[in-house]
Amino acid sequence: MPLNERDRIEILMMIGVGDRMRTQQEVCRLFHEMHPDREPVSQSTVSRIERKYRELGHVRDAPRQGRPKINENVQQDVILSALENPHCTVRQVSRDLNIGKSSVSNIFKKVKYHPYRVRLIHELAEDDFDRRTEFCEYMMDHNNQNNGFIANILFSDEATWLLFKFAEKGGVESNQ
């Protein structure tokens, strides 16, 4: 089990100061006596904690590497820009807010927005009537189950994509 900051400080206090310093082996034994229910610390662990304190002046963990999280305000800006202008593309939103396209896509995915490209079809196929009927029944069922379901779908005549937000159980959420 990794040591937390309090344990590391306790080890530093066990090491001592000046002429009242203990050896690393004594600190290991003393820590184990004080915490018999825990896994004993090794001499290398005590050495590493002592060296870190001498070099940095603290025993806190260093910040983790990796990509930083997207700020909540930025997420709200992305969603609001899509609601205000459903004609804009993911690229336009990313350019306007100065964040990456994949970040915009991930934000939309997180809030269950799905980009949709409208395609014009010039003729109807044989099974189009069945699919249209099935779609109408689906929409009527969802509207009956979740009052106001259709009101939370953004439609636009000239949009390159439409936003659909489907919530899990409990109905459709609105970002207004």
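Tutor: First a definition: angles under 35 degrees count as roughly parallel, over 145 as roughly antiparallel, 65 to 115 as roughly perpendicular and the rest as oblique. The angles run from 0 to 180 degrees between N-to-C directions, with axes fitted as lines to C-alpha atoms, for helices over the stretch in contact. Helices are DSSP runs of H or I with at least four residues, numbered from the N terminus.

Tutor: This is a predicted model, where local features need pLDDT of at least 70, side-chain atom pairs count only at pLDDT 80 or more, and totals for chains, interfaces and linings use all residues. Residues are numbered from 1 along each chain as its sequence is written, and side-chain values use heavy atoms, leaving out hydrogens and water.

Student: OK, at what angle do H5 and H6 pack?

Tutor: Helix H5 (residues 90–97) and helix H6 (residues 101–110) pack at about 110 degrees, and their axes are 8 Å apart. H5 and H6 are therefore roughly perpendicular to each other.

Student: Which residues make the contact?

Tutor: From H5, Val90, Arg91, Val93 and Ser94; from H6, Lys101, Val104, Ser105 and Phe108. Contact means heavy atoms within 4.5 Å.

Student: And how far apart are the axes of H2 and H3?

Tutor: The axes of H2 (residues 24–34) and H3 are 9 Å apart, at an angle of about 110 degrees. That makes H2 roughly perpendicular to H3. Gln24, Gln25, Val27 and Cys28 of H2 touch Gln43, Val46, Ser47 and Glu50 of H3.

Student: New topic. What lines the second largest pocket?

Tutor: There are 15 lining residues, with Pro2, Leu3, Thr45, Arg48 and Ile49 nearest the centre of the pocket. Helix H3 (residues 43–56) gives the largest share of the lining, five residues. A pocket is an open set of points on a 1 Å grid over the protein atoms alone where a 1.4 Å probe fits, with protein on both sides within 12 Å along at least five of seven lines; lining residues have an atom within 4 Å of a point.

Methods
Helix = DSSP H or I, 4+ residues; strand = E, 2+ residues; numbered from the N terminus.
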